[in-house]
Amino acid sequence: MSTMTPPAADQATRTYLVKTLGCQMNVHDSEHMAGLLEQAGYVAASPEAAAAEEADVIVINTCAVRENAADRLYGNLGRLAGIKRHRPGMQIAVGGCLAQKDRTGIVERAPWVDVVFGTHNLDVLPVLLDRARHNQDAAVEIAESLQVFPSTLPTKRESAYAGWVSISVGCNNTCTFCIVPHLRGKERDRRPGDVLAEVQALVDQGAIEVTLLGQNVNSYGVEFGDRGAFAKLLRAAGATPGLERLRFTSPHPASFTDDVIAAMAETPTVMPSLHMPLQSGSDRILRAMRRSYRSAKFLGILERVRAAMPEAAITTDIIVGFPGETEEDFAETLRVVEESRFSSAFTFQYSIRPGTPAADLPDQLPKAVVQERYERLTALQDRIALEEMQAQVGRTVEVLMAEGEGRKDGATHRLSGRAADNRLVHVALPSELAEADRPRPGDLVTVEVTRAAPHFLVADSGLTGGGFAVRRTRAGDAWARGDEHSHGEAGDACGTGAPAGPVLLGLPTLK
């Protein structure tokens, strides 16, 4: 049984905080959770209260992909238990993939949790909070299949200048290491008109960058029988008036076709960046993973992408130490990484996920072996990343200034953002630049790259007499309006203020 505290006197003044663990899909789901709570009358906790985890409702949106997912969740819950004891009326809710997987086990292990809900029923969050408060008992509700397409839900966007648009949910692949299809279900595709309407609505609100999201984004169209649907969607979304940057993540190599490459190259708003998960360079291990491509096909895709877009930056995911991986298999991964020239890579040590086929495979590798290979892989990728970054020195890039990208910006007096190829760039401002001319999050700055590190670029050309130009944008205006709404006055350009005000969107309709 959950240990409940008396309900708060005034529902309308209750504050909330949503904490996100995991992938971009989770980030976007958290935007829906925030939108639902605001529609129900909750108010976002102030930045100071959020930093101290002091809110009337704290929602943890969980991930289940890595082995330490449960440790992260229960570490958070243990800390919140102490806060809750001293905050009458506080409620804790747990949603997302780990909630879908563990269900009532979360309340059994952490009886101070008030609400548990899954990936298929985000829409019930406010109702469950009310039920738990009324009944003085935990409310757990896990749906077995999608109840409401998430994109039809209210959405509080984290950013006024860039946004996510989900084009599908779920996944039809059967990768042996992945529990996501079990937790997210089979792929469900949105109709193209609904996707395009949401992109247009975001742009109308001031956004100039949109990222299309899907568990297997380039298989879009499978549900309504159009194998060319994703390439068509890229072209159509890219033609949205006012949109300047279009991205997508994450594709699957097995279904990555040349019409998508052509759409990327021929649509000016589609950015020259691509996240293409490799997972392993060994054909034998790829077969054991049920990844329906081989290393030669993977390298061929990269070759064709770069032929069409020489400036493209390509990133990847790699798993080290999959069951049965030999030193020869690992050497194949190193070979493919060397040939691929990734600008960056998310590298993971294989971890057993109960409920996946790989969890029952023989030849699980010793931790020491996996760790040693992991260190060799990261050393190789760091060298390649630095070489690829150093090749950018001297180039002129256009940077979309962001909020919160540069953790050391306050100390270095730089601002940070992303180049067209999605590389992180730290930008120095000319010393004579007037305060009114400083770029805001959402503005575009053209600078020359002066220095490189493995994971970022530095553009100090504004300090040395080189190129520096600011283009103030609708997106920067939208950020300023949101920041003024949060503070009562325009915020500074360093992005140290509160996040932009909410952009609340339901499902737009075509008229």
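Select Thr446 and then Ala469 in β21, which stands opposite Thr446. Strand β18 (residues 444-448) and β21 run antiparallel and are joined by four bridges; strands here are DSSP runs of E with at least two residues, helices are runs of H or I with at least four, both numbered from the N terminus, and two strands pair if DSSP finds at least two bridges between them. This is a predicted model, in which local features need pLDDT of at least 70, side-chain atom pairs count only at pLDDT 80 or more, and totals for chains, interfaces and linings use all residues. Residues are numbered from 1 along each chain as its sequence is written, and side-chain values use heavy atoms, with hydrogens and water left out.

Now show the whole sheet, which is open, has seven strands in the order β19-β20-β17-β16-β15-β18-β21 and has mixed pairing. Because β19 (451-453) and β21 (468-471) stand at the edges with a single partner strand each, one side of each is left without a neighbour in the sheet. On average, neighbouring strands of this sheet are turned by 35 degrees against each other, direction ignored.

Axes are lines fitted to C-alpha atoms, for helices over the stretch in contact, and angles run from 0 to 180 degrees between N-to-C directions; contact means heavy atoms within 4.5 Å.

Which residues of α13 and α14 meet? Select Glu327, Phe330, Leu334, Val337 and Glu338 in α13, and Arg373, Arg376, Leu377, Leu380, Gln381, Arg383 and Ile384 in α14. These contact residues divide into six nonpolar, one polar and five charged, where Ala, Val, Leu, Ile, Met, Phe, Trp, Tyr, Cys and Pro count as nonpolar, Asp, Glu, Lys and Arg as charged, and the others, Gly among them, as polar. The axes of helix α13 (residues 327-340) and α14 come within 10 Å and cross at roughly 10 degrees. The two helices α13 and α14 are therefore roughly parallel to each other, a term that covers angles under 35 degrees.

For the last stop, move to the largest cavity, which holds about 100 Å³ of space. On a 1 Å grid over the protein atoms alone, a cavity is a set of points where a 1.4 Å probe fits but cannot get out, and lining residues have an atom within 4 Å of a point; grid points are joined across faces, edges and corners, and a volume is the space filled by probe spheres set on the points. Select the lining residues, among them Met25, His28, Asp29, His32, Thr119, His120 and Arg184. Helix α1 (residues 24-39) gives the largest share of this lining, four residues, and the lining of the largest cavity divides into five nonpolar, five polar and two charged residues.

Note on methods
Parallel < 35°, antiparallel > 145°, perpendicular 65-115°, else oblique. 1 Å grid on protein atoms, 1.4 Å probe; cavity = no way out; pocket = protein on both sides within 12 Å on 5 of 7 lines; lining within 4 Å.
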